[in-house]
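Please read the following report with the sequence and the 3D structure side by side.

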Amino acid sequence: MKPFLETWVRRLTAGRVWKSFFRHGPVNTDLNRSLVITSNVALHLHPVKVRRDSVRFWYTIGLGGLSFLLFLVLVITGILLAFYYVPSTTLAYRSIKDIDNVVSYGRILRNMHRWAAHGMVITVVLHMCRVFFTYAFANPREFNWVIGVFLLLSTIGLSFTGYLLPWDQLAYWAITVGTSMASYAPVVGEKIRYVLLGGNVVGQGALIRFYVLHCFVLPAAMIGLLAVHFWRVRKDGGISGPQLVGTPERETVTAFPSKSYGLMAIVPGQDITAERYPEHYVLTWTHLIPKEVLATIIAIAALNLVSVFFNAPLEELADPRVTPNPAKAPWYFLGLQELVHYSALVGGVLLPALTVIGLLCIPYLDTRREATGVWLSRRRLVPNVIFGLFVVSMTVLIIVGTFFRGANWAFVTPW
Amino acid sequence: MKTAICISGVLLFISFLLILQDDFNQQWKQVQQRFATIDENRFYSADGDAYAAEPGVKQIVVSGLDRVDRCTTCHLGVQESKYAHAVAPFTTHPGDMLRIHDPKEFGCTACHLGQGYAVSFETAAHEKLEFWNETMLPRELLQATCGTCHLSEEVPAAPQLTRGRLLIRDKGCSGCHDLNNFFEDTPRGPDLEGIGNKTTPAWLYQWLKNPRAYLKDSRMPAFRLSDHEIVSLMEFLMSLNTKDSPPRLIKEQPSEEGNEDDGGTLVSESRCISCHAIHGRGGKLAPELERVGDKVREEWLANFLRNVHYYQPEKVMLEYNFTDRNALDIAAYVLGEFSEEAYELPDSVEALLPRSESQRKDRIEQGRKLMAKYGCDGCHTISGKRLSPRVGPKLTNIGSRLESTLDFGKMTDVVPTLYNWMYMKVKQPAVFDSTSIMPDFHLTDREALEITLALLGNRELEYSEEYLVRESERSLYRKPAGAFGELFERYSCISCHSIDKYGGDISTAPLTIEGSKVQYEWLKDYLLNPSAIRPLLAERMPRFRMTEREAALMADYIKKVYVSDDIPGFFEYELTSQSADAGRRLFMELGCRSCHIVEKTGGYVGPQLDDVGDRLEAGWLFSWLRSPLTYNAETIHPDYGFSEEQAKQLTAYLMTKRGAQ
Amino acid sequence: MPERNTGSDTSRPTRRRFLELLGKGSFVAAFGGIFTTTMRFLMPNVLYEPPTTFAIGEPDDFAPESATFLEDGRLFVFRRPEGLFAISSICTHLGCNVRWNAERGGFDCPCHGSSFDKNGKNIAGPAPSPLKWYELSLNADRQMVVNTRKEVDKNFRLQV
Amino acid sequence: MTRRAAGVVVLAWAFLAGCTEDSQPKRDIVMDVAAAMGEGFDTPASRGGELYSRYCSVCHGATGKGDGFNAFNLNPKPRNFSDTAFVRQLDTTLIREAISRGGRAVGLSGLMPPWRYTLTKRDIDDLVIYVAKLSATE
């Protein structure tokens, strides 16, 4: 049994067909470890070598990768769910009920989609915090921060549009409240809401618009932005890290001997970053990939467990005549709704606008080139404190809005 | 690192095992396996009639009711009688409801509620399920859902629902609440213009304070009013005093004392008791007269009796042709006979009365506002107008109200269901919120329960029109034409008699086909001088004191217009003495005399028949005997299933019964 | 246990080896899990298709010697002196609706020119087999019921 | 539940709620009232009761003693259903027959009319149940 299998494995991997798939030999030499990365379209996302600093778990906490992983999970589960989902006000709710009740594994897949979506909003925000607190958006990475802000907006947009699709009370009123907050914007507010909903109230027009945005427009935008985001990471010399010290010594590694220039002849020579500061660089295959695999396994296993035991909410069928009390926007907007409670202008217009504009401008305003790649550097005390306060206050507002607000938006204690 | 990956790999594997078992361990699969092993199926399989149900989720798609019911995935025996004694959940559906409502067309959850989409006990909402509004109805309230489709007031197969709806209508709920259309009716209380002429402030105070102190079965509910509010309302009501110049105003004022004895005779002759209850006996159409003498002013009453339709434009009460003298006599009798003790204002209220004209004006204005606030105008119009729109919330969809939106106030020891909430609310309107303006209707447990049940079914769902059973084209009352119409309204016939199901139910004789039923001469005499046809009934036709011309005109019209083509007008059957003899034998054999008096002996359940040959048309008798239920669905006259021959013989016999003999 | 089936070297039963095996095995199992889940998910357990058993009316709704096409049920109902029967209108070639050719007394398919005789037997064109005959029965309300799941042979007649 | 997306919080909350929740059973008022009414609600016997008081009680009396107001002029007198010993020895099919085909059909008094054309089969079934019960409650 055993020799037979080994023979076959050897024969298979030695054959022409196998070789046409995988161009590298057994992954036991550094050359092949490099080739695995460069000759594999998925792994080619990574450079062959990465900075030692950047693979330290507690530097990135894997938040960017985790966000991407959740995005992939969402795409796959989303496609599967779309086979059953019908974007019609009369059938949407029923199709979700069918998925939950009589489609094999439908309940679990929907749970995965739901929890992964919430998880992604959280990991994306945390990823942004990590980038801020390690000053990773410093030159030359300002633009990638900007892309990141748009990725954050796309993530929230995807989550928000997906919120309506089950067409239950939760969805209906969250979107009604959420879009009403948008209408507080001066001059254009009402128009924005009108265009978004395809009408004045949440109805069939809104459902199909949200469906198209959720399944086509925003995922496409997301994929485009992700491509730029990743490409930029590579172009900006991998992810950030502290100033390198040591000898920028060349190590003669020739990945592609036939190549005499890089990047369409704009960059001459075979020089790649990995060849400098050799003591600071490690092979991706041995130092990064295992960590990613581990993180992936743990994340998926955790998601599976959560999805088996915790059901995604599905309330009563949407009924425009019956408003639940309180009617709450999706949780990530509850901080804003809490503010709207005090001042519609602040919560509905000023704060969201200033947040987005502020986030976009951060890398161009906060330009002291020091302490990049260091968590919470004392030299960046002021910006860190400001940003920290902002994040903490939004978090507190969201927690208050989520757990401490009951009927008529009165203060309640959740226990 | 490798170790970590391996361990987490195992974790991943376990998590997938957990996912995989989710499909295999579904509850319904186990239930279906169990079904194959129950006694009924084992027994039949020996018979060769093996259990052949295919495994899998079963569903009934009812698009017209927007429902998909998968209940039969587990309730596998509901439609087969052989499972009548099977264990739950396989038992046959009890009763014959499924024969009238085929599950293929109606599904399960339209009646029982619960979540039809689900295929497990918990998620099917057999019991309260979070985020599913249609918890299965308990057996006791099952008739509620009949009302969602059956939009007619009466649903014969659902007596509780019907009683609940009749109560809703009788209590006048639609005065304050927007309810289904079939509850709409004329205002429940009298118009208030002229009440200042009719009664006294002291009576009004007592009445507003507690209507039941005056009338123990008062239809007016008790409002929780402060003395201050009552005084304002009282002043406002007393200011409604413009009805003081009726066409036949009695000029010779009470200096001329009425004669109580003559009044008493007139009251009994006029059959007031047919509509008004007196000392607990009598009709329920009009107010009880128990203590009316403490309420109305004598001169008002006398004028009222002379000018009924002036004071009562809706013409519920008939216009007797009383003279001034008669009216004064009756008023004197009523005030003397039907009174206990004059009402007086307590001193504390006396102190609240306005002292100046400007104060009075303020009070009147406040009273008008209070009238609108409490929605009094939902039942009582003023000169036919309402002051304000309905003050209560709309209830057309109350059955769909989410339980999460119910406020139980301090009543935290109650299972928080919609039906409990509604029951407590109608029973004791201030139970959750002491500031509620809804008045107390003094409902019994049973009434409150039936109203709750009827309201639970008030739901506006996306049901297709073909499922909705609306009131069969209720024919609207139209005033008959010409001189007959004038008389018809003058004598308020429609208050007691019905025509095409419209009208009162005091009389047992609908007028729809009265012309085919009775003979002209008899009818004319009866209108002039009504005799008791059914001596047992307290409700009898009153004496109208109409002229012979009027009686002839009415009898003529009725004979010509209120007829049925199905009943032969001229009866050519051989009414020979031979067949009459056969009819008599039949009559005696069948025990008709248990209920009818013939030849001076017999029972009192049905009308006496000794002069029936003078009274009824032969065609009617024949048709009635053939099929009594066709002509009166309410009758308790048994259908004997007579052959044509038998009915002819009986008719021949009965037509020989003439009073002149 | 799937991890036993990965067929790796058991001659060096070190702890490291075992762990590796376990790891790889669970990977295979996990992917197996994803695959099964997905495939099972894609096979619906309930359908909203039209029923396979349905009432088509009383026998007297069909005139003697008539051929009636019921488009909802995709079938022909024939009434002959010896009884009623139902023939599917679905061409056995590629599923078009065939038409009744009264002149010839047979069926023609408009799509690819198959012809069938009066009993639905394929006589010309690409159709590989005869048209299906469906079972007809009477229910308690005297309604005729077609069961498209039950095929019958061409001697079937429903006597009324 | 989305509002409680963080599973930890849910658990903590559930734990706290579980600790503080009192075990006082709540009242299901409507069900209690319905139970108290018992026969007032629709059962075959209660339906039978309604039919009985409508069609039968004029002769047989409200409690089945054969003392309805119309009984005085009947000869023979109506049956006394509260006579337990009498009703027990009767077969329910006899009661059913007497109701549906009249007294003469079962060799009893012809004063009892047949009801099979007036009442449905179910009505008569319910009546039989009620009549049998009249004796049992006595």
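In this predicted model, B:Glu460 forms a salt bridge with A:Arg321, and the closest N and O atoms of the two are 3.0 Å apart. B:Glu460 lies in the loop between helix H20 (445-456) and strand E4 (469-470) of chain B, while A:Arg321 lies in the loop between helix H13 (289-309) and helix H14 (334-342) of chain A, so the pair joins two chains. A salt bridge is here a side-chain nitrogen of Lys or Arg within 4 Å of a carboxyl oxygen of Asp or Glu, and helices (H or I, at least four residues) and strands (E, at least two) are DSSP runs that are numbered from the N terminus. Side chains of opposite charge can pair when their charged atoms come close.

Some notes on conventions follow. Residues are numbered from 1 along each chain as its sequence is written, and chains are lettered from A and ligands numbered from 1 in the order in which they are written. Because the model is predicted, local features need pLDDT of at least 70 and side-chain atom pairs count only at pLDDT 80 or more, whereas totals for chains, interfaces and linings use all residues; side-chain values use heavy atoms, with hydrogens and water left out.

**Salt bridges**

A search of the whole structure finds 51 salt bridges over all chains. Within chain B, B:Arg360 forms a salt bridge with B:Glu235, with 2.7 Å between the closest N and O atoms. This pair links distant parts of the chain, since B:Arg360 is in helix H18 (residues 357-373) of chain B and B:Glu235 is in helix H12 (residues 227-238) of chain B, 125 residues apart. In chain C, the side chains of C:Arg104 and C:Asp108 also meet in a salt bridge, at 2.7 Å from N to O. A network of salt bridges links B:Arg163, B:Arg446, B:Glu450 and D:Glu50.

How covered are the partners of the single pairs described above? The table uses these classes: buried means under 20% relative accessible area, exposed over 50%, and partly exposed in between (1.4 Å probe, protein chains only).

| Residue | Relative accessible area | Class |
|---|---|---|
| B:Glu460 | 31% | partly exposed |
| A:Arg321 | 46% | partly exposed |
| B:Arg360 | 30% | partly exposed |
| B:Glu235 | 9% | buried |
| C:Arg104 | 38% | partly exposed |
| C:Asp108 | 23% | partly exposed |

**A patch of negative charge and a covered helix**

On the surface, B:Glu257, B:Glu260, B:Asp261, B:Asp262 and B:Glu337 gather in a patch of negative charge. Such a patch is made of residues with over 30% relative accessible area and no salt bridge, and like charges are joined within 9 Å. Helix H13 (residues 260-269) of chain B gives the largest share of the negative patch, three residues. B:Asp262 has its place in this helix H13 of chain B, and at 40% relative accessibility B:Asp262 counts as partly exposed.

Helix H16 (residues 324-337) of chain B has 14 residues, which should span 20 Å at 1.5 Å a residue, and its end C-alpha atoms are 20 Å apart, which agrees. The expected span is 1.5 Å times one less than the number of residues in the helix. H16(B) is mostly covered, as 10 of its 14 residues are buried, among them B:Asn326, B:Ile330 and B:Tyr333.

**Backbone angles**

Chain A holds a cis peptide bond between A:Asn139 and A:Pro140, with omega about 10 degrees, and A:Pro140 lies in the loop between helix H7 (106-133) and helix H8 (142-164) of chain A. The peptide bond from A:Asn325 to A:Pro326 is cis too, with omega near 0 degrees, and the place of A:Pro326 is in the loop between H13 and H14 of chain A.

A:Asn408 is not a glycine, although it has a positive phi of about 60 degrees. A:Asn408 is found in the segment after helix H16 (381-403) of chain A and is exposed, with a relative accessible area of 62%. B:Arg271, likewise a residue other than glycine, has a positive phi near 55 degrees; B:Arg271 is in the loop between H13 and helix H14 (298-306) of chain B and counts as buried at 18% relative accessibility.

**Chain D**

Chain D has six helices and zero strands, and buried residues make up 41% of its 138 residues.

Key
Patches are made of residues with over 30% relative accessible area and no salt bridge: like charges are joined within 9 Å, nonpolar side chains (Val, Leu, Ile, Met, Phe, Trp, Tyr) within 5 Å. Accessible areas come from the Shrake-Rupley method with a 1.4 Å probe; for residues, only the protein chains shown count as cover. Lys and Arg count as positive and Asp and Glu as negative; His and the chain ends are not counted. The place of a charge is taken as NZ of Lys, CZ of Arg, CG of Asp or CD of Glu.
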